[in-house]
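Here is my note on this chain, in numbered points. Please keep the structure open beside it as you read.

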Amino acid sequence: MKRHQPVRQWIWLLPVLLMAACDKNPDVAKPPRAINYVLYTEKDFSDVHDTIRFELLMKSGSTVLFDSPLAAMTVAQVPDSNHRISVQKFVPAAHANDDLVVGFLYWIDNVGMSWHLDSSKAGGPAVKTVTYKFE
């Protein structure tokens with residue numbers, strides 16, 4: 001009959017195995033910072049046929065990092081909350097540690113320009129959601 005060695009002879013191996021299994025890498029990359037733009041309305045604009053142009057904006061100081069127009073639509077075509085427009089854009093790596101101004105600019109024909117702006121602070125959540133409920 002084969003005799004097993006006592007457990008205490010192998011107990012010294014446990015800390016060695018644990019240290020090898022717990023490799024701490026301090027250079028783990030942070031997830032990329034992103035801005036999620038959400039646009040919708042809860043009002044009935046079905047009888048408003050003026051053209052509206054929305055633009056998504058991301059700025060660091062006076063530097064525009066992202067400005068992208070959405071397709072022109074009539075005010076009546078601004079989607080309701082069940083069909084909201086949602087666009088996610090990543091912050092350029094060179095500006096990942098900047099405080100940002102993010103939001104929407106919009107123009108309504110024969111009315112004028114307006115905006116909905118928010119901030120995204122450096123060190124904040126990895127994903128900032130800017131929600132604009134158009135009224």
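How many helices and strands does the chain have?

1. **Overall make-up.** The chain has 1 helix and 8 strands. Helices (H or I, at least four residues) and strands (E, at least two) are DSSP runs, numbered from the N terminus. Along the sequence the pattern reads α-β-β-β-β-β-β-β-β.

2. **What kind of model this is.** The model is predicted: local features need pLDDT of at least 70, side-chain atom pairs count only at pLDDT 80 or more, and totals for chains, interfaces and linings use all residues. Residues are numbered from 1 along each chain as its sequence is written, and side-chain values use heavy atoms, with hydrogens and water left out.

3. **Burial and surface.** Of the 135 residues in the chain, 27% are buried. Buried means under 20% relative accessible area, exposed means over 50%, and partly exposed lies in between (1.4 Å probe, protein chains only). The chain exposes about 9500 Å². Carbon and sulfur atoms supply 55% of that area. The areas come from the Shrake-Rupley method with a 1.4 Å probe; for residues, only the protein chains shown count as cover.

4. **Contacts along the chain.** A contact means heavy atoms within 4.5 Å.

5. **The core.** The largest nonpolar core has 22 residues. Such a core is a set of buried Ala, Val, Leu, Ile, Met, Phe, Trp, Tyr and Cys residues joined through side-chain atoms within 4.5 Å. Tyr 37, Ile 52, Phe 54, Met 58 and Phe 134 have the most contacts inside it. Strands E1 (34–41), E2 (51–60), E6 (100–108) and E8 (127–134) each supply at least two residues of this core. The largest share, 5 residues, comes from E6.

6. **Tyr 37.** Set aside residues up to four places away in sequence. Tyr 37 then touches, among others, Leu 57, Met 58, Phe 66, Ile 85, Phe 104 and Val 130.

7. **The open sheet.** In what order do the 3 strands of the open sheet stand? The order is E5-E1-E8, and the pairing is mixed. Two strands pair if DSSP finds at least two bridges between them. E5 (85–90) and E8 stand at the edges, each with a single partner strand, so one side of each is left without a neighbour in the sheet. Neighbouring strands of this sheet are turned by 15° against each other on average, direction ignored. Here axes are lines fitted to C-alpha atoms, for helices over the stretch in contact, and angles run from 0 to 180 degrees between N-to-C directions.

8. **Pairing inside that sheet.** E1 and E5 pair in the antiparallel sense over 6 bridges. Leu 39 stands opposite Ile 85 in E5. E1 and E8 pair in the parallel sense over 8 bridges. The bridge partner of Ile 35 in E8 is Lys 128.

9. **Two faces of E8.** Side chains alternate along E8. Lys 128, Val 130, Tyr 132 and Phe 134 point to one face and are buried.

10. **E6 and its partners.** E6 is mostly covered, with 7 of its 9 residues buried. E2 and E6 run antiparallel, joined by 8 bridges. Ile 52 has Ile 108 in E6 as its bridge partner. E6 and E7 (112–120) also pair in the antiparallel sense, over 9 bridges.

11. **Asn 110.** Most residues other than glycine have a negative phi. Asn 110 sits in the loop between E6 and E7. The hairpin of these strands has 3 residues between them. Asn 110 is exposed, at 81% relative accessible area.

12. **Ser 60.** Ser 60 lies in E2. It counts as buried, at 11% relative accessibility. A polar contact of 2.8 Å joins the side chains of Ser 60 and Asp 98. A polar contact is a pair of N or O atoms within 3.5 Å; within protein, one must be able to donate a hydrogen and the other to accept it, and residues adjacent in sequence count only if both atoms are side-chain atoms.

13. **Val 91.** Val 91 lies in the loop between E5 and E6. Its relative accessibility is 7%, so Val 91 counts as buried. Val 91 and Met 58 are 33 residues apart in sequence and 8.4 Å apart in space, C-alpha to C-alpha.
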